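Me: I have a chain open here and would like to talk through how it is put together. Could you start with the overall picture and then go into detail?

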Amino acid sequence: MPLPLLVGSISAKAIFLSVLPHSKRMSTVKTRLRGVVFDMDGTLTVPVIDFPSMYRAVLGDDEYRRMKAESPSGIDILGHIETWPPDKQRKANDTIADYERQGLQRLQIMPGAAELCGLLDSKKIRRGLITRNTKSAVDLYHERFGIKFSPALSREFRPYKPDPAPLLHICSLWEVQPNEVIMVGDSLKDDVACGRQAGAFTCLLDQTGRYDSPEYANVEFKPDFKVTSLAEVYSILEVNFDLSP
Ligand SMILES: [Mg+2]
C-alpha cells in the first residue's frame with residue numbers, strides 16, 4: 001500500500017527524516033540552530049565569586065558541610081534560604097548581595113566571549129542569557145562590555161534555573177523549539193539541568209576539569225558537549241548543527 005505523501009501537519013523535513021535510515025540521518029541531517037542561551041557568571045564572565053566561601057558565610061560551617069555531602073553536584077542556596085523565616089532570610093540575602101557586589105567590582109569578560117558573539121551575529125543566530133544573579137548585574141555586563149543578550153532573564157524571573165521555565169520562556173519569545181537551541185554554562189546543576197529539562201542541547205564549560213571528578217559520574221543531567229574554553233564553542237556548533245540563517 002503506498003504511503004500518503006502529505007500527513008497533516010508533519011513538515012517536509014520530518015517526512016525526509018522518516019524515510020532515511022538511522023545511520024544516514026545522523027551523518028547528513030543536522031539540527032538547525034536557532035539560538036544560543038548563555039549563563040552569565042563563570043561563563044560570560046571570569047569566575048570571581050568564591051561560592052564555597054559564600055555558602056559557608058550564609059549557612060555556617062556545619063550546615064555547609066552537611067548540605068555539600070547531601071548534594072555533591074552543588075548547593076541551591078537561593079532555593080534553600082527561601083524556606084527560612086523572613087529575618088534570617090534577609091540576613092542571608094544581604095550576605096549573598098555582598099559577595100555579588102564584590103564580584104561586580106572585579107568583573108571581567110570571559111576570554112572568547114566577544115569573538116563567539118561576533119561569530120553568532122554573523123550567522124544571525126540569536127543570543128539570550130539566563131542568570132541567577134540580579135538584573136542590575138546583567139545591566140552592568142551589558143554596559144561595561146557592550147555586548148547585548150536578549151532576552152536576558154535574571155533571578156527576578158521566577159522560577160529561576162535549574163527550573164526549565166526561563167529557557168522555555170525564551171524559546172517561546174523567539175518562536176523556536178527548545179531542541180533548536182543550546183544552553184551554554186559552567187554549572188552542571190543549574191545550566192545543564194535547566195537545558196536538559198527544557199529539551200534543549202547543552203554545552204558545559206569546564207575550564208579546570210573539575211567535572212571530570214568521579215563525584216559527578218552519576219549526575220542526573222549530563223551535557224551533550226563539554227568545552228574547556230569559550231573559544232571551542234563555535235567549532236562544536238559548526239560541526240554538529242546547521243548554522244545557516
Ligand atoms: Mg555560572
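Reply: Among contacts in the chain between residues at least 6 apart in sequence, 61% join residues at least 24 apart, a contact being two residues whose C-beta atoms, placed from the backbone, lie within 7 Å. This is a predicted model, in which local features need pLDDT of at least 70 and side-chain atom pairs count only at pLDDT 80 or more, while totals for chains, interfaces and linings use all residues. Residues are numbered from 1 along each chain as its sequence is written.

Me: How many helices and strands does the chain come to?

Reply: There are eleven helices and eight strands, taken as DSSP runs (H or I of at least four residues for helices, E of at least two for strands) and numbered from the N terminus.

Me: OK, strand β2, which way do its residues point?

Reply: In β2 (residues 35-38), Gly35 and Val37 point one way and Val36 and Phe38 the other, and all are buried, meaning that 20 or more other C-beta atoms lie within 10 Å of the residue's own.

Me: And which strands does β2 pair with?

Reply: β2 pairs in the parallel sense over four bridges with β3 (residues 126-130), where Leu129 is the bridge partner of Phe38. With β5 (residues 181-185) β2 also pairs in the parallel sense over four bridges, and there Ile182 is the partner of Val36. Pairing requires at least two DSSP bridges between the strands.

Me: Which residues touch the most other members of the largest nonpolar core?

Reply: Of its 41 residues, those are Val37, Phe38, Leu129, Leu167, Ile182 and Val184, where a core is a set of buried Ala, Val, Leu, Ile, Met, Phe, Trp, Tyr and Cys residues joined through C-beta atoms within 7 Å. Helix α10 (residues 188-198) gives the most to this core, with five residues. Apart from it lies another core of six residues, including Met54, Tyr55, Val58 and Ile75.

Me: What does Leu167 touch?

Reply: Leaving out residues up to four places away in sequence, Leu167 touches Val37, Ile130, Pro178, Met183, Cys194, Gly195, Ala198 and Ala200.

Me: Switching topic, at what angle do α3 and α4 pack?

Reply: Helix α3 (residues 51-59) and helix α4 (residues 61-70) pack at about 120°, with their axes 7 Å apart; the axes are lines fitted to C-alpha atoms over the stretch in contact, and angles run from 0 to 180 degrees between N-to-C directions. That angle makes α3 oblique to α4, because angles under 35 degrees count as roughly parallel, over 145 as roughly antiparallel, 65 to 115 as roughly perpendicular and the rest as oblique.

Me: Which residues make the contact?

Reply: Tyr55, Arg56 and Leu59 of α3 meet Asp61, Glu63, Tyr64 and Met67 of α4.

Conventions
A residue is buried if 20 or more other C-beta atoms lie within 10 Å of its own, exposed if 12 or fewer, and partly exposed in between; C-beta atoms are placed from the backbone.
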